[in-house]
There are 2 protein chains.
Amino acid sequence: MVSNGAGPDNANTADRLLTVAAHLFREKGYAATTTRELAAALGVKSASLYYHMRSKEDLLYDICVDSIQRIDAEVRAKVAEATDPLDELRAFVTTHLRVVLMDHDRHATMLLELRFLPEDRRREVLELRKSYVRVARQILQNLQEKELIRRDLTTTNLSLAIFNTLNWTILWYHPDGASSLDDVIEFLLSFIMAGVQTPGTPMPDGAAMTARPRRRK
Amino acid sequence: MVSNGAGPDNANTADRLLTVAAHLFREKGYAATTTRELAAALGVKSASLYYHMRSKEDLLYDICVDSIQRIDAEVRAKVAEATDPLDELRAFVTTHLRVVLMDHDRHATMLLELRFLPEDRRREVLELRKSYVRVARQILQNLQEKELIRRDLTTTNLSLAIFNTLNWTILWYHPDGASSLDDVIEFLLSFIMAGVQTPGTPMPDGAAMTARPRRRK
DNA sequence: GTCTATAAAGAGATAGAC
DNA sequence: GTCTATCTCTTTATAGAC
């Protein structure tokens with residue numbers, strides 16, 4: 001099999017390095033992960049790492065940029081396929097969760113270990129994140145203009161509430177846990193769709209249980 | 001002023017130490033915070049720390065136990081004052097958020113740096129957290145039995161969704177930020193009360209805007 | 001209760017052979 | 001592309017004077 005450059009495949013050592021690093025960074029934290037552990041996990045001596053990377057910090061930077069760019073592209077693509085404004089929100093929520101939880105190590109690292117990057121690089125990643133968040137806010141604004149969701153909360157606050165509901169999941173979700181990925185996506189989507197509905201109004205179109213078609217395992 | 005033993009006052013050096021440590025642990029992470037920085041923040045030499053603590057790890061342990069015990073007591077007290085089942089949920093949400101965001105450093109440390117404790121101590125703190133979560137689940141179960149909230153999601157999943165919505169706030173909230181503490185509490189409460197309502201039903205009693213009386217600054 | 005001095009271990013990274 | 005060997009710096013923690 002040959003690398004197609006499209007995903008975090010681990011064909012070459014440089015990619016494997018990012019994958020293994022993200023795993024350790026999530027489990028032990030960036031600061032507490034040593035280059036020696038990294039080397040051991042890859043089955044090489046620590047000096048050998050430096051043939052594939054410039055520094056430990058570069059690994060973190062690459063993981064952050066890579067994961068945010070990937071989720072941004074994937075989510076925009078799925079949202080573009082949506083057939084109506086409410087479905088755009090459903091597409092955003094489900095795709096965000098699916099990508100974050102399937103590329104768990106990298107996204108948890110990006111979301112939680114960002115502070116260990118120096119100022120300039122951290123800002124760069126934060127800009128990418130800001131641009132990504134704007135996708136959600138655009139969807140929400142459109143829904144408010146069409147009066148399809150509540151208007152008593154600002155799009156800023158709605159988007160904060162939604163990202164809260166989505167992102168804390170990385171701290172307890174585990175593939176072998178009590179809830180499958182599909183279960184988690186389903187109940188969080190249902191909770192969010194109820195949370196954004198206009199107060200005093202029945203749900204838009206029975207939003208709770210009419211999630212998008214589920215992916216089979 | 002004399003210590004009353006009731007709060008994280010900083011009358012003595014041992015308490016100041018916990019407060020300063022929690023602040024650094026949240027800002028830089030436990031692993032990346034050095035005992036020298038800790039000492040510098042307290043205005044002493046690093047050797048002097050060891051008169052007040054046994055180890056850096058003990059600080060983390062004390063912060064975790066202290067913060068979870070405090071929020072547990074405070075939230076149970078406020079919930080007990082509630083006048084009806086729905087008000088119990090409102091009391092839980094508002095008190096949880098208020099305590100977490102006002103004792104921001106300690107709670108963020110407890111929630112995010114717990115993994116750096118050795119197995120036995122980590123388990124001990126997790127047991128305390130489990131017991132605290134049960135408060136929320138009891139409230140939700142009671143509400144479901146009385147058919148005052150939706151019954152299509154389990155109490156486990158409702159409580160996961162609610163804690164998601166509440167806890168991720170520690171990663172973006174800042175006292176001087178765009179939203180005041182009261183604003184944050186208000187819109188997250190409103191989002192959560194909408195999220196738990198029975199699908200296809202108007203909100204229980206116009207829950208969105210009838211938050212509990214707000215504290216004045 | 002705080003200090004100076006230092007021990008003992010571990011960190012990220014490099015040099016140069018193979 | 002990986003190795004052995006090592007440099008240099010930093011880490012947590014202790015000993016013992018004041």
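**A helix and its surroundings**

Tutor: This is a predicted model. In H6(B), 9 of the 9 residues are buried, so the helix is largely enclosed by the rest of the structure.

Student: Which residues of H6(B) are buried?

Tutor: They are B:His104, B:Asp105, B:Arg106, B:His107, B:Ala108, B:Thr109, B:Met110, B:Leu111 and B:Leu112.

Student: And what covers the buried residues of H6(B)?

Tutor: The cover includes H1, helix H4 (56-80), helix H5 (85-102), helix H7 (119-145) and H8, which belong to chain B.

Student: Turning to the interface, how many residues of chain B are in contact with chain A?

Tutor: There are 47 on chain B, in contact with 47 residues of chain A. The two chains bury about 3300 Å² between them, and 67% of this is on carbon and sulfur atoms. B:Asn164, B:Trp168 and B:Phe191 supply 24% of the area that chain B buries against chain A, more than any other three residues.

Student: Which helix gives the most to the side of chain B that touches chain A?

Tutor: H8(B) does, with 10 residues. The residues of that side divide into 28 nonpolar, 12 polar and 7 charged.

Student: How many salt bridges are there between chain B and chain A?

Tutor: The count is 2. In one, B:Arg115 pairs with A:Glu113, with the closest N and O atoms 3.2 Å apart. A:Arg115 and B:Glu113 also meet in a salt bridge, at 3.2 Å from N to O. A:Arg115 lies in the loop between helix H6 (104-112) and helix H7 (119-145) of chain A, and B:Glu113 in the loop between H6 and H7 of chain B, so the pair joins two chains.

Student: Are A:Arg115 and B:Glu113 buried or partly exposed?

Tutor: A:Arg115 is partly exposed, at a relative accessible area of 28%, whereas B:Glu113 is buried, at 3%.

Student: What about A:Asp87, with which residue does it form a salt bridge?

Tutor: Its partner is A:Arg90, and their closest N and O atoms are 3.4 Å apart.

Student: Finally, what is the count of salt bridges over all chains?

Tutor: By this rule it comes to 32. One of them links B:Asp152 to B:Arg150, with the closest N and O atoms 2.8 Å apart.

Terms used. Residues numbered from 1 in each chain as written. Chains lettered and ligands numbered in written order. Predicted model: local features only at pLDDT ≥ 70, side-chain atom pairs only at ≥ 80, totals over all residues. Heavy atoms only, no water. Contact = heavy atoms within 4.5 Å. Buried area = accessible area lost by both parts, 1.4 Å probe. Salt bridge = Lys/Arg side-chain N within 4 Å of Asp/Glu carboxyl O. Helix = DSSP H or I, 4+ residues; strand = E, 2+ residues; numbered from the N terminus. Nonpolar A, V, L, I, M, F, W, Y, C, P; charged D, E, K, R; others polar. Buried < 20%, exposed > 50% of the residue type's maximum accessible area, 1.4 Å probe, protein only.
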